[in-house]
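Please examine the sequence and the structure shown here. The paragraphs that follow lead through the packing of helices and the pairing of aromatic rings.

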Amino acid sequence: MDSAIKEKVLAVASSGRNAAEWTAYFRVTLGLYYLAGLMTSETIDFKKVDRDFNQFIYHTIGKGHTITSVLQFMSGAKVVPVVSSSRFIAAFGVHCPDVPSDTIPFLLQLNLGVAKNISGIDPGGPLLDWIEAQAGEGAPAAGDPAAGAPAAGAPALPEVL
């Protein structure tokens, strides 16, 4: 993890309107970078990668948080208001062009698949519903006025976490 990625993650997090949003935006952005980094044909030294991410997390939001807890957050219902937020999607699109916004549903589905393999628990729920809705209508591109809008018929989600 280089300093450029750290700056991008912090820039997206800064678009949160309060401490809870800041932390949620931080977790999701960092988790998306982690998951996007798995998309390589190169061998990954997970001990080194996890150590780098964990150090950044510790220095930014304190002890008790790890890349594992970030990925757990991203496999639950609490991630849906973040990835449905037009402010988050806009900030992510501006600051993180190296992880295209239209890959967010795929990366979250990848994370859910890994969580299912580890826990054996069916990943059904609000996040899977959101992912399927994005696949059904195609994820909006960054900068699209509809980016981050809930799927048609989906319950309204609060902007503030």
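Axes are lines fitted to C-alpha atoms, for helices over the stretch in contact, and angles between N-to-C directions run from 0 to 180 degrees. Helices (H or I, at least four residues) and strands (E, at least two) are DSSP runs, numbered from the N terminus. The model is predicted: local features need pLDDT of at least 70, side-chain atom pairs count only at pLDDT 80 or more, and totals for chains, interfaces and linings use all residues. Residues are numbered from 1 along each chain as its sequence is written, and side-chain values use heavy atoms, with hydrogens and water left out.

The protein has eight helices and zero strands. Of its 161 residues, 35% count as buried (under 20% relative accessible area, with exposed over 50% and partly exposed in between, for a 1.4 Å probe and protein chains only).

Two packed helices are described by the angle between their axes and the distance between the axes. Helix α1 (residues 3-13) packs against α2 at an angle of about 145°, and the two axes lie 8 Å apart. On the α1 side, I5, K8, V9, L10, V12 and A13 meet W22, Y25, F26, T29, L30 and Y33 of α2, where contact means heavy atoms within 4.5 Å. By class, this contact of α1 with α2 has 10 nonpolar, one polar and one charged residues (Ala, Val, Leu, Ile, Met, Phe, Trp, Tyr, Cys and Pro are nonpolar, Asp, Glu, Lys and Arg charged, and the others, Gly among them, polar).

Helix α2 (residues 19-37) also packs with helix α6 (residues 86-95), at an angle of about 45° and with the axes 12 Å apart. That angle makes α2 oblique to α6 (under 35 degrees is roughly parallel, over 145 roughly antiparallel, 65 to 115 roughly perpendicular and the rest oblique). The contact joins E21, Y25, V28, T29, L32 and Y33 of α2 to R87, F88, F92 and H95 of α6. Its residues divide into six nonpolar, two polar and two charged.

The structure holds five aromatic pairs (rings of Phe, Tyr and Trp, the last by its six-membered ring, with centres within 6.5 Å; planes under 30 degrees apart are stacked, over 60 edge-to-face and the rest tilted). The rings of W22 and F26 have centres 5.5 Å apart and planes at 5°, so this pair is stacked. Both residues lie in α2, four residues apart, about one turn of the helix. W22 is partly exposed because its relative accessibility is 24%, whereas F26, at 0%, is buried. Together with F56, W22 and F26 form one aromatic cluster.
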